Amino acid sequence: MIQRFGSGDPVRLFVAGLHGDEWETTSALLEQLSPPDTGTLLIMPKVSDNEYLSTLDRDYYTTYAPHLREAIVTYKPPIYLELHCYSKESYPALIGDGRFERYGVPAYIEIEAGILMGSVSPRVRTDFFTPDNLCVSFEMPRNPLEQSLSVIRNLLNVVNECWSRQGFVAYMSQHYPEQTAVAVKNYLQFYGHLY
Ligand SMILES: [Zn+2]
């Protein structure tokens, strides 16, 4: 279920196909990645195709996808990435300001061409990772245009070659300064107390 590329540190775990038919849009993008120049890439391209359950649900990482939690606990990846996809109807809820009030998580930020970046579920973020780990969740449109595909492919490659959270933030700050400033502010609002 987990495929391994490369060896040594840092260990990166990329997962897709987290629920429902999401895998149809996202799994191949992980399978097409090249081994990283340094360190390890672990991929789980299809976590589950069972009926949709949100990763914000308290049962997601325990009973719905216990094998994903198991992988996180086993490999303790300092770099962890979830690739999700969204339908047009879900877009406002993902980037909406009310997301923090409703679900206790920061809103997603649109990076470019419908590719959104956000935090992973607090169900795993606080329990299994340290504040300086890189945990990032990307959302891409279902039935993506070529431009969206090219943006997400590039971002997956950036995370696949980065060494740390700092390295990723440095890349993003250089290429997407406004979006990254908001994302970092959201992150610190949520996890700043852990420092
Ligand atoms: Zn999803």
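**Ground rules.** I am working with a predicted model, in which local features need pLDDT of at least 70, side-chain atom pairs count only at pLDDT 80 or more, and totals for chains, interfaces and linings use all residues. Residues are numbered from 1 along each chain as its sequence is written, and side-chain values use heavy atoms, with hydrogens and water left out.

**Largest pocket.** I looked up its volume, which is about 490 Å³. A pocket here is an open set of points on a 1 Å grid over the protein atoms alone, where a 1.4 Å probe fits, with protein on both sides within 12 Å along at least five of seven lines; lining residues have an atom within 4 Å of a point. Grid points are joined across faces, edges and corners, and the volume is the space filled by probe spheres set on the points. I noted 28 lining residues, with Tyr52, Ser54, Leu94, Arg99 and Glu139 the closest to the centre of the largest pocket. Strand E4 (79-86), helix H4 (91-95), helix H5 (99-103) and strand E7 (134-141) are the elements that each give two or more residues to this lining. Helices (H or I, at least four residues) and strands (E, at least two) are DSSP runs, numbered from the N terminus. E4 gives the most, with four residues. By class I have 11 nonpolar, 11 polar and six charged residues in the lining of the largest pocket. Nonpolar covers Ala, Val, Leu, Ile, Met, Phe, Trp, Tyr, Cys and Pro; charged covers Asp, Glu, Lys and Arg; the others, Gly among them, are polar.

**Second largest pocket.** Its volume is about 220 Å³. Of its 13 lining residues, Gly96, Asp97, Pro106, Ala107 and Asn186 are the closest to the centre. H5, strand E5 (109-112) and helix H9 (177-191) each give two or more residues to this lining, and H5 has the largest share with three. The classes are six nonpolar, three polar and four charged.

**Thr25.** I found Thr25 in helix H1 (residues 23-31). Is Thr25 buried or exposed? Thr25 counts as buried because its relative accessible area is 17%; buried means under 20%, exposed over 50% and partly exposed in between (1.4 Å probe, protein chains only). Leaving aside neighbours within four places in sequence, Thr25 is in contact (heavy atoms within 4.5 Å) with Cys85, Met140, Pro141, Arg142 and Pro144.

**Ala170.** Ala170 lies in helix H8 (residues 165-175). Ala170 has 46% relative accessibility, so I logged Ala170 as partly exposed. Its C-alpha atom is separated by 9.3 Å from that of Thr180, 10 residues apart along the chain.
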